[in-house]
Amino acid sequence: MIYTVETDISPQIIREEMEEAAKKAGFGLLNTYEFKKILHDKGFPIEKDITVYELCNPPGAQQALEQIAAISVYLPCRISVYEENGSTMLSTIGFEEILSAVEVDEQFKAYMSILFVNLKSVMHHWD
């Protein structure tokens, strides 16, 4: 249920370009969480530098929340960026699996699938 993209682009470059890449795909950048710093500040240090970006597509969020209020646990959309084995990884929740597990009409599923394609395009910006 996790969709991951691997790239050779550094997390720093992704950090600098995320807002613009998201905007091109119809998303706004709401917030950024730097887990290494957050956990260090709370006395629980980790070695891995992991940053999570919260992205929102307001029309998509409205549609999703009107159809399935419980889907709010998956919103806003998140992209996690971290290094693993010398590569930069970008990961997000696999919304296609989520949509196949709920009962909604096909038009809504098609709309949400397009939004997921757009979210994946943000992740593939650095291929």
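Predicted model: local features only at pLDDT ≥ 70, side-chain atom pairs only at ≥ 80, totals over all residues.
Reader: Is T92 buried or exposed?
Author: T92 is buried, at a relative accessible area of 5% (buried is under 20%, exposed over 50%, partly exposed in between, with a 1.4 Å probe and protein chains only).
Reader: What does T92 touch?
Author: Leaving aside residues up to four places away in sequence, T92 touches M1, I2, Y3, R78, F116, L119 and M123 (contact means heavy atoms within 4.5 Å).
Reader: New topic. How many aromatic pairs are there?
Author: There are three aromatic pairs. Y3 and F116 form an edge-to-face one, 5.9 Å centre to centre with 75 degrees between the planes. Rings of Phe, Tyr and Trp (its six-membered ring) pair if their centres lie within 6.5 Å; planes under 30 degrees apart are stacked, over 60 edge-to-face, the rest tilted.
Reader: How accessible are Y3 and F116?
Author: Y3 is partly exposed at 24% relative accessibility, whereas F116 is buried at 3%.
Reader: Which residue has its charged end over the ring of Y3?
Author: K120, 5.1 Å from the ring centre (the criterion is NZ of Lys or CZ of Arg within 6 Å of the centre and within 35 degrees of the ring normal).
Reader: Which residues form the aromatic cluster?
Author: Y3, Y74, F95 and F116 form one cluster.

Conventions. Residues numbered from 1 in each chain as written. Heavy atoms only, no water.
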